[in-house]
Amino acid sequence: MEATAAVLPNESRRLGTLEQLYLTFFWFSSNVHWGAILTILVQSQVLVMVGDESKGAGVGTAIAIGSITGILVPPLLGAWSDRVRLRMGRRRPFMVVGTALNLVALVGMATFPFLKTDSLWGFTGAYWLYVGAYLMANFANNVATAPYTALMPDVVPPEQRGSVAGWYGLMTLLGNGVGMGLASSMVSQQASLGEFQGQIYRVYMLIGLILVVGVLITVLGTREKPLTTEPKPFEWGSFLKGFVAPFGARDFRWVFLTRMLMSMGVFSVQSFLLFYLRDVVKDFSVFGRTLATTPELAVLGVLGLLLLLALPSTVIAGKLSDRYGRKSVVYVAGGIQAVVAAGFIFNDNYLAALFIGALFGVGYGAYESVNWALATDVLPDMDDAAKDMGIWHMALTVPQFLATPVAGWLLDTFNAFGKQGGRPTMGYTVIFSVAILYFALGTVFVARVKKAR
């Protein structure tokens, strides 16, 4: 007898405002987690472990290795969660298990940098233990979030998905803002080693607490609907075939490539912004008034403005793309990011950095909104839309594996080279130039997409 695919009841009950908050709150806690780790904690902790001369390679290697599970795990875990049948449902058990593993990994990330170990493969053993804990945190978070993303189509009726997507967007910006705020206000490289260790423990404890609260609110506040048939068994052959299939469509390939190039530009800048402010800007005053006393707080100012401007830009650009076409808005948004990123090369004061962050947010928010719509326009098979969108989302995680270690190596290499000629910050000029190239190519190649206007 042939197995049938698991299906849900056709009618979905409309969700109230509080239920939409419950559903999306775990996304807030997950973004707090990554907002703190990717923008502040990795950079600050790696600097303590590897020193100034190797900080670029240290950050690049840690983020690259940690991102591997973000590439491989989501499609597999998503397919697995489609095919299980447990008392708690198909998605929520993964969220609970993944969060529990994540908490264990956070303990390691908070503890390992301060261990006394011998050197191994160019870095201390403590560094490699930290990288292992970071890899585990990424894996665990994907165990929780890959099935979690399917909760929205599971429980939200089609006529409410736009509203709930707005909640997800809000939780993304709020979570990143809170995560950066916690880490930047509680952690300082200028503290003594003992004080720094205490700061690190406290911020990781708060991140863990927010993760627990987030998963409890969503798991207890969201009720999964029962399956009406037996789940379809998992088959590796079908999974691999379905994974490769979208890349057979020409437009999908170009949308994936352009998204990946733009993300490579973002990670080349974001991953080393803390070091740029520390090494190049140094003075965080505007018109004689000090706005930040540490590089961590200075990062919060720049990225905080970016997120603030990204929110209205996202809404406005989406409406403009419906009227004037996706590609036109992508050209403008991508061009803004490329031109604005050049400002980091030609300016070394904090006012300029804040201005750059604000303008970059306009382009970033517009691009993120319209690129999502562009991807839905070129899906090769609407029957597999969820799977194909998950594969498209890999264009955000692959750049962490590719662009971040390349930028880290360029930073260390050209800083060392420039130091010989009296330009010890030459590496920043190089990595920002490479980021501009990524942004430019990601913008220009959108013209290759034929199906969308």
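How many salt bridges does the structure hold? The structure holds 7 salt bridges, a salt bridge being a side-chain nitrogen of Lys or Arg within 4 Å of a carboxyl oxygen of Asp or Glu.

This is a predicted model, in which local features need pLDDT of at least 70 and side-chain atom pairs count only at pLDDT 80 or more, while totals for chains, interfaces and linings use all residues. Residues are numbered from 1 along each chain as its sequence is written, and side-chain values use heavy atoms, with hydrogens and water left out.

**Salt bridges**

Select Asp 52, Lys 55, Arg 278 and Asp 279, which are linked in a network of salt bridges. Between Asp 52 and Lys 55, the closest N and O atoms are 3.1 Å apart. Asp 52 is partly exposed at 35% relative accessibility, whereas Lys 55 is buried at 2%; buried means under 20% relative accessible area, exposed over 50%, and partly exposed in between (1.4 Å probe, protein chains only). Asp 52 also meets Arg 278 in a salt bridge of 2.9 Å, N to O. Arg 278 lies in helix H10 and Asp 52 in the loop between H1 and helix H2 (55-82), so this pair ties together parts that are 226 residues apart in sequence. Helices (H or I, at least four residues) and strands (E, at least two) are DSSP runs, numbered from the N terminus.

**Core**

Next, select Ile 37, Leu 41, Met 109, Tyr 204, Tyr 276, Leu 277 and Tyr 350: of the 110 residues in the largest nonpolar core, these touch the most other members. Helix H1 (residues 17-50) supplies the largest share of this core, 14 residues. Such a core is a set of buried Ala, Val, Leu, Ile, Met, Phe, Trp, Tyr and Cys residues joined through side-chain atoms within 4.5 Å. A second, separate core of 14 residues includes Met 95, Ala 144, Tyr 148 and Tyr 168.

**Positive phi**

Move to Lys 282, in the loop between helix H10 (273-281) and strand S3 (285-286). Lys 282 has a phi near 70 degrees, a positive value in a residue other than glycine, and is exposed, with a relative accessible area of 58%. Then select Phe 287, in the loop between S3 and strand S4 (289-290). Phi of Phe 287 is near 55 degrees, also positive, and Phe 287 is exposed at 79% relative accessible area. Most residues other than glycine have a negative phi.
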